[in-house]
Structure formats: structure tokens, C-alpha cells
Amino acid sequence: MASSTCYFAWRLHYAYFLFIWTLFAAIYPETLAKNCLIRPTKKNPVEIDLTPLTVKIDYIAKSIRKENVVYHFNVCGSIEETGTVCSDGTMVCQTVSDASKHIYGKVSNFELKHAPDNDKSVTAILLTEGETCLAESKQRYSTEIQFKCSKGGFIQPTVLEEEECFVNILFPTPYACGEDKKPPGGSVDVGAIIAILIFVLPIAYLIFGAGVMFARGASGRELIVHREFLADLPNAIAVCEIQIAIWF
């Protein structure tokens with residue numbers, strides 16, 4: 001009985017989690033997936049979509065410190081030469097003529113945002129980190145890509161600043177010019193949405209269930225839907241924890 005109750009409790013938790021995740025993704029999808037779109041805000045009403053810059057070939061920026069150093073990178077995506085240069089999931093890879101390589105940024109760890117002051121027509125900034133820096137074990141290799149609004153055609157990205165563990169790349173592109181748009185009215189707080197999904201929906205379900213039970217002639221504790229299961233749930237959870245501890 002305990003085993004079946006444990007299984008049912010697990011299925012109930014899983015189903016509820018799946019429902020919450022799906023509903024949350026439908027209401028607030030941009031928080032669940034990274035993309036190359038910077039949405040307008042009240043402070044900066046420009047929408048910048050850099051998605052077209054995620055291409056099937058690598059961008060190249062040459063070092064300003066050493067002639068034999070080159071940076072391969074992509075925008076919001078992996079570089080294509082992953083088999084021969086850096087590992088899969090690399091966004092920025094430094095290569096040296098002696099075949100050594102260092103990961104300066106990963107797709108799983110990047111931030112894209114408006115430039116703070118739009119200085120010199122730079123409208124967007126991409127920040128990303130990679131592996132541990134050999135010169136400083138407490139730091140990681142990191143990259144800052146500045147996107148500059150440029151009305152012309154393709155302009156080769158260039159390195160603005162370079163240190164042992166850091167590189168700053170300037171990327172002029174028409175896609176950085178963006179488009180003026182009104183920010184969505186009344187920004188929705190993510191924490192408020194999560195609180196509503198976790199607490200309000202179960203309460204609403206219990207109230208609705210009580211109404212159904214009352215219509216069927218129930219009264220008192222009988223109005224609580226699944227009351228026997230809910231009463232036994234703490235014991236079932238305890239049994240589950242013990243079984244999981246034994247399994248592992």
C-alpha cells in the first residue's frame with residue numbers, strides 16, 4: 001500500500017510540476033530560453049534583434065597583442081569549427097598558431113543587454129565566460145562583444161582591448177541599430193507569476209472541488225476533495241524518502 005501510495009504521490013508531484021512549467025512557459029516564455037533579442041524597456045525603448053548574426057560560419061577577430069593569436073566566435077550560438085578548434089558549445093575560442101586553444105565563452109553562459117550609455121553608437125553588449133584562465137586560476141576567460149550601429153554592409157569585427165584573461169571585440173552591424181518600440185505596459189514580475197501558479201491555483205482547485213462536493217450533498221470534512229489521500233500524503237512522502245535513501 002505504501003509503495004503504491006508513494007508511486008501515486010510521485011506521479012501527482014510530477015504532473016503538477018509539468019502543468020506549472022508548461023503554463024509558466026506560455027505566460028513568460030522569454031525567461032525560459034536564451035535568444036538574441038533584446039526587448040525594449042521604459043529606460044531604453046529600442047528593440048534589437050541580433051538573431052541574423054547567428055550564422056553557420058565563424059567570425060574572426062585578430063589579436064592586437066600577438067600576431068599568431070586569433071579569436072573565432074559566433075553570436076548567441078556555437079562556433080562551427082568545434083571539431084577542430086574548441087569543444088562543442090563554445091561561443092568564443094582563442095587559437096594560437098602552435099595549435100593551443102582557450103575557451104573564452106560558452107553558449108550556456110552568456111548575457112545580452114542594451115549598452116548602458118550608447119557611447120559611440122554601441123547599442124548592445126554580449127558578455128560570456130569560458131574555462132579557467134591559465135594565467136589567473138581564480139578567473140575565467142571572458143569576452144565582451146560590443147555591437148555598434150552601422151548602416152553599411154559587413155564590417156570585419158576588431159579587437160578593442162585584450163588582456164591575459166579577457167578580450168573586448170567591436171562588431172559593427174546594421175542589426176545593432178534596432179527599432180524604436182514602446183515597451184510592454186505593466187511589466188509582470190516573475191516571482192508574482194510563480195507565487196500565483198504554486199499557491200493560488202491549488203487553492204482555487206480545492207474551492208471548486210468543495211463546490212462540486214457540496215452540490216452532491218456533502219458537508220463538513222467531506223467537502224475536501226481527495227481528503228483521504230491528502231491526510232495520508234505526509235506519511236507517503238516520508239516512506240518515499242526512506243525508499244529513495246535505500247535505493248541510493
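Is the disulfide of Cys133 and Cys165 left-handed or right-handed? The torsion about its S-S bond is about -70 degrees, so this disulfide is left-handed.

Good morning. The model is predicted: local features need pLDDT of at least 70, side-chain atom pairs count only at pLDDT 80 or more, and totals for chains, interfaces and linings use all residues. Residues are numbered from 1 along each chain as its sequence is written, and side-chain values use heavy atoms, with hydrogens and water left out.

A disulfide here is a pair of cysteine sulfur atoms within 2.5 Å. The sulfur atoms of Cys133 and Cys165 lie 2.0 Å apart. This pair links distant parts of the chain, 32 residues apart, with Cys165 in the loop between E10 and E11. Helices (H or I, at least four residues) and strands (E, at least two) are DSSP runs, numbered from the N terminus. Cys133 is buried at a relative accessible area of 2%, and Cys165 is buried at 7%. Buried means under 20% relative accessible area, exposed over 50%, and partly exposed in between, with a 1.4 Å probe and protein chains only.

The whole structure holds 4 disulfides. One of them joins Cys36 to Cys76, and that link is right-handed, with 80 degrees about the S-S bond.

I turn now to strand E11. Strands pair if DSSP finds at least two bridges between them. E9 runs parallel to E11 over 8 bridges, whereas E10 is antiparallel to E11 and joined to it by 4.
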